[in-house]
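Thanks for coming. I will go through one model today, and I will keep to what was computed from the atoms.

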Amino acid sequence: MLVGAQYSLWDYPIAFLPIIPRAFPFDFSMVPVAYMLLYQYFRTWKSFILAQIIMALTYAFIGEPFCEWVKLVNYLEWRYRYSFIYYIIVGIVTRALILKLASLSKPQNLTTK
């Protein structure tokens, strides 16, 4: 995200296109699609959280080190474990918000006796 780059937590040494923010391919494609797939396929909280942990482990401890190794990102004051926690928190908060919004959009039974 651009916030981390702005506060010098990490840097993106390569810009895919000069007019697009450097984190755009990751922050607006891979990560949100993973969250959408988890929400779609894991209906219970228990299965969702387990899948969320697996996704967070994969992204934080495999994907991010790989991106750093191929020089797509340079972590300055950021650790992979911070990303792991971040991915889990964002997933849980997002799912809770979606479930709350979905419950509000259901028709209410307003019949009176």
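What share of the 113 residues in the protein chain do buried residues make up? Buried residues make up 25%, where buried means under 20% relative accessible area, exposed means over 50%, and partly exposed lies in between, with a 1.4 Å probe and protein chains only.

Two notes on the source. This is a predicted model, in which local features need pLDDT of at least 70 and side-chain atom pairs count only at pLDDT 80 or more, while totals for chains, interfaces and linings use all residues. Residues are numbered from 1 along each chain as its sequence is written, and side-chain values use heavy atoms, with hydrogens and water left out.

Now the layout. The protein chain has four helices and two strands, in the order α-β-α-α-β-α from the N terminus. Helices here are DSSP runs of H or I with at least four residues, strands are runs of E with at least two, and both are numbered from the N terminus.

Next, the packing of two helices. Helix α3, residues 45-69, packs with helix α4, residues 80-105, at an angle of about 145°, and their axes are 9 Å apart. The axes are lines fitted to C-alpha atoms, for helices over the stretch in contact, and angles run from 0 to 180 degrees between N-to-C directions. The crossing of α3 past α4 is right-handed; that is, the near helix is turned clockwise from the far one by less than a right angle, with anticlockwise being left-handed. By class, 18 nonpolar, three polar and four charged residues form the contact of α3 with α4. Nonpolar covers Ala, Val, Leu, Ile, Met, Phe, Trp, Tyr, Cys and Pro; charged covers Asp, Glu, Lys and Arg; the others, Gly among them, are polar.

On to the core. The largest nonpolar core has 13 residues, and M55, Y59 and Y87 have the most contacts inside it. Such a core is a set of buried Ala, Val, Leu, Ile, Met, Phe, Trp, Tyr and Cys residues joined through side-chain atoms within 4.5 Å. Helices α2 (24-41), α3 and α4 each supply at least two residues of this core, and α3 gives the most, with six.

Then the rings. There are seven aromatic pairs in the structure, a pair being rings of Phe, Tyr or Trp (its six-membered ring) with centres within 6.5 Å; planes under 30 degrees apart are stacked, over 60 edge-to-face, and the rest tilted. Why is the pair of F61 and F84 tilted? Their planes are at 40°, so the pair is tilted, with the ring centres 5.8 Å apart. F61 in α3 and F84 in α4 are 23 residues apart. F61 is partly exposed, at a relative accessible area of 40%. Ring pairs also link Y59, Y86 and Y87 into a cluster.

R95 has its charged end over two rings: W45, 4.5 Å from the ring centre, and F48, 5.0 Å from the ring centre. The criterion is NZ of Lys or CZ of Arg within 6 Å of the centre and within 35 degrees of the ring normal.

Last, A60 in helix α3. A60 is buried, at 0% relative accessibility. A60 and Y86 are 26 residues apart in sequence and 9.4 Å apart in space, C-alpha to C-alpha.
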